[in-house]
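Student: Could you take me through this model feature by feature, giving the general idea before the particular case?

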Amino acid sequence: MGVVTTMDPNPGRQAQLSGHALVGAVPGPRGKHYVCGSFAAFTNILVTFPLQKVLFRQQLHGVRVTDAVRQLQREGLRNLYRGILPPLLQKTTTIAIMFGLYEDFSRLLLRHARRSGTPELVTRSVAAALAGTAEAALTPFERVQTLLQDHRHNGRFNNTAHTFRTLLRDYGVRECYRGLVPILLRNGPSNILFFGLRGPIKQRLPEARSRAGLIANDFVCGGLLGAALGIMFYPLNVVKSRAQAQVGGEFVPCGRVLMTVWRERGGSIALLFRGATLNYHRSLLSWGIINATYELLLKVF
């Protein structure tokens, strides 16, 4: 049987339909912030997960970098990326929420702020805090990540799904949200500072005259902010790691956990901040990647 072909008498209409198809293939003006944030986080986790694992061991056990690395070497390459699924799921979602909800809340609140005369700085700070609070809903992923990275639980929890099933079956939903308070105390303020300072820092960098220059500026801006905030909120991450490493038993208040760690480490600020140097460099790399990738994808879309 022969194939009959027909020509559209209106080539302009064909071009218009093709254009509509291309537009439909990419996210809309609002959805693009979520998509770009998600892809940026995915790229970052793949690159920095081994560093995060070394840092976690320092936070949990107060050991030196070399000791943490030796722990991972003893456990072998097979276990190096053990526990990567929870941060992949959590970070791709939380970073999407962070950027996407910040834009959505800002748009919504600014509309009302113009009528009430509320300063834009206040409005955007509230939007950033709300986005950070919403991120905390995904605390169970951080909880599971902590358990899978702690070598003391290697024989008890097999993988992400098994860990979730065990926690829910044996302890209930509440156990999945252990460590929620330090996460809430960290997320809101850090979001306010990140979104509030990102623009001013970028304006003070040398003017970019090429795409590579723009990417470099976005990397430096995000990296510097991420590293500074990582140091500022480091004790909260220590408290979170200690609280989430426990399975079952009393839910110990945030302040008491901090005091326990403080006493165990001899009341030394240096030991409380053990791992902060690696955290600084990891955050510099992580947030540089996230910010540069996010801004690059925004331009692509």
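Tutor: What follows is a conversation about salt bridges, cysteines, a surface patch and an annotated repeat. This is a predicted model, in which local features need pLDDT of at least 70 and side-chain atom pairs count only at pLDDT 80 or more, while totals for chains, interfaces and linings use all residues. Residues are numbered from 1 along each chain as its sequence is written, and side-chain values use heavy atoms, with hydrogens and water left out.

Student: How many salt bridges does a search of the whole structure find?

Tutor: A salt bridge is a side-chain nitrogen of Lys or Arg within 4 Å of a carboxyl oxygen of Asp or Glu, and the search of the whole structure finds 15. One of them pairs Arg57 with Glu75, with 2.9 Å between the closest N and O atoms. Helices here are DSSP runs (H or I, at least four residues; strands are E, at least two), numbered from the N terminus. Arg57 lies in helix 2 (residues 31–61) and Glu75 in helix 3 (residues 65–75), so this pair ties together parts that are 18 residues apart in sequence.

Student: Which residues are linked with Glu142 in a network of salt bridges?

Tutor: The network links Glu142, Arg186 and Lys240. Between Glu142 and Arg186 the closest N and O atoms are 2.9 Å apart; Glu142 lies in helix 6 (residues 139–149) and Arg186 in helix 9, so the pair ties together parts that are 44 residues apart in sequence. Glu142 also forms a salt bridge with Lys240, where the closest N and O atoms are 3.2 Å apart, and since Lys240 is in helix 11, this pair ties together parts that are 98 residues apart in sequence.

Student: Is Arg186 buried or exposed?

Tutor: Buried means under 20% relative accessible area, exposed over 50%, and partly exposed in between (1.4 Å probe, protein chains only). Arg186 is buried, with a relative accessible area of 15%, and Glu142 is buried at 8%. Lys240 belongs to helix 11 (residues 234–244), where 10 of the 11 residues are buried, among them Lys240 itself.

Student: How many disulfides does the whole structure hold?

Tutor: A disulfide is a pair of cysteine sulfur atoms within 2.5 Å, and the search of the whole structure finds 0. For Cys36, the nearest cysteine sulfur is that of Cys221, 17 Å away, and Cys36 counts as buried at 0% relative accessibility. The sulfur of Cys176 is 19 Å from the closest cysteine sulfur, in Cys254, which is too far for a bond.

Student: Which residues make the nonpolar surface patch?

Tutor: Patches are made of residues with over 30% relative accessible area and no salt bridge, like charges being joined within 9 Å and nonpolar side chains (Val, Leu, Ile, Met, Phe, Trp, Tyr) within 5 Å. Here Val220, Leu224, Ile231 and Tyr280 make a nonpolar patch of about 290 Å². Helix 10 (residues 211–232) supplies the largest share, 3 residues, whereas Tyr280 is placed in helix 14 (residues 276–300) and is partly exposed, with a relative accessible area of 32%.

How values were computed: Accessible areas come from the Shrake-Rupley method with a 1.4 Å probe; for residues, only the protein chains shown count as cover.
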